[in-house]
Amino acid sequence: MTDFVLTRVANGTGTITLDRPKALNSLSLDMVRRLTEVLLAWRDDSRVDAVVITSSSEKALCAGGDIRFFHEAGHATPMGGSALLEDFFTEEYALNHLIHFYPKPYISVMDGVVMGGGMGIAQGGPDTGLRIVTDRTKMAMPEVNIGLFPDVGGSHFLSHAPGQLGNYLGLTGLTIGAADALYVGLADVHVPGAQLGALTALIASTPGAQLVDAIRGFAAGFASEVGPSQLQAQRAAIDAHFGAASVAAIMASLSRDENPFAQKALAAMRQRSPLMMCVTREMLVRGAAMDVADCLRMERSLVRRNFEHGEVLEGVRALVIDKDNAPQWNPATLEEVTPEMVGRFFEPVWPAHAHPLRHLD
């Protein structure tokens, strides 16, 4: 499995190439461990001044976590958990933290699909590196579609998006392209897909210490090609609808708006897990007041509660295993979701001193 993570160091740059194209580079536990091992080694390696993460395929940087594994491991015991499942989320979230605070420039080439766990390894943060999108970028945090919630730090980077854009992305799970990613603040520069060969050559010929500035200069020539942002055009409506006081109020507000954009958002939400939309909204409210480490600790508890409940197991069954696209959400309707059900997800799973991510700071 470690063959899915290829590495090389040249000219001061460490390059990680994800090479699991048949699975759109979905992350396995072995891949998470290999990425962590490499980044820890390079953190203190004087030969490495910058890190680039990219893919061997133009179809995806990373489509997320290996959800078939979630389903198999989640059914391993009656309580819907296994040691491997616990390890996966603990180690994935620790990797997200490592990337977020990486002391060297961390440059992600978000070509193709970048969703869920893929966002967790791409959102290194604009202060420490660079997030590159292309005209092929398909970005989303679609977890509510499979009965989960936007994790891998989504409680932080979505809750800190401007206005209600984070709520929109987290509750609908809809996909955005390069222009919207730049507008939301989930990307820094745009490079056309046709120019990635030239970008690769630039990376190879530029010393790692100068790489971020060189890429910014290269991308500046294509800034006018990214096109308009739909989210920017719809920003007033998004803020009005998604600023409502509850998921039910948001959907009621959308239902009164005949704008196709609003109706598309409403149609998406009608397909999602009612419970996990409510949990997601509460998570984003809490995440807005938390730092990255506390957000990841909150998510780690939430994911345990989710597998105990079984919502993600049903979502993956319906969309990936049986492919009947008819998940039996529990509860089935938004009206049946109570504050107590949502609150249960936020009750501590472990004492603070025993939390598996207690060492993050």
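Tutor: Let's start with L202, which is found in helix 8. Helices here are DSSP runs of H or I with at least four residues, strands are runs of E with at least two, and both are numbered from the N terminus. You are looking at a predicted model, where local features need pLDDT of at least 70, side-chain atom pairs count only at pLDDT 80 or more, and totals for chains, interfaces and linings use all residues. Residues are numbered from 1 along each chain as its sequence is written, and side-chain values use heavy atoms, with hydrogens and water left out.

Leaving aside residues up to four places away in sequence, L202 touches L211, A214, I215 and F218, where contact means heavy atoms within 4.5 Å. F89, on the other hand, is 35 Å from L202, C-alpha to C-alpha, and 113 residues away in sequence.

With a 1 Å grid over the protein atoms alone, a pocket is an open set of points with protein on both sides within 12 Å along at least five of seven lines; a cavity is a set where a 1.4 Å probe fits but cannot get out; and lining residues have an atom within 4 Å of a point. Points are joined across faces, edges and corners, and a volume is the space filled by probe spheres set on them.

The second largest pocket has a volume of about 430 Å³. Its lining has 22 residues, with T15, T54, S55, T200 and I203 nearest the centre. Two or more of the lining residues come from each of strand 1 (5–10), strand 2 (13–18), strand 3 (50–55), strand 4 (60–62) and helix 8 (196–205). Helix 8 gives the most, five residues. The lining of the second largest pocket divides into nine nonpolar, nine polar and four charged residues; Ala, Val, Leu, Ile, Met, Phe, Trp, Tyr, Cys and Pro count as nonpolar, Asp, Glu, Lys and Arg as charged, and the others, Gly among them, as polar.

Strand 2 is also a landmark for N25, which lies in the loop between strand 2 and helix 1 (29–43). N25 has a positive phi of about 60° although it is not a glycine.

Now move to the largest pocket, with a volume of about 560 Å³. It is lined by 25 residues, and S26, A63, G64, G65 and I67 lie nearest its centre. Helix 2 (67–74), strand 6 (113–115) and helix 16 (311–321) each supply at least two of its lining residues, and helix 2 has the largest share, three residues. By type, the lining of the largest pocket holds 13 nonpolar, six polar and six charged residues.

Helix 16 leads on to P331, placed in the loop between helix 16 and helix 17 (339–345). A cis peptide bond joins N330 to P331, with omega about 0°.

Finally, there is one cavity of 30 Å³ or more, and the largest cavity has a volume of about 30 Å³.
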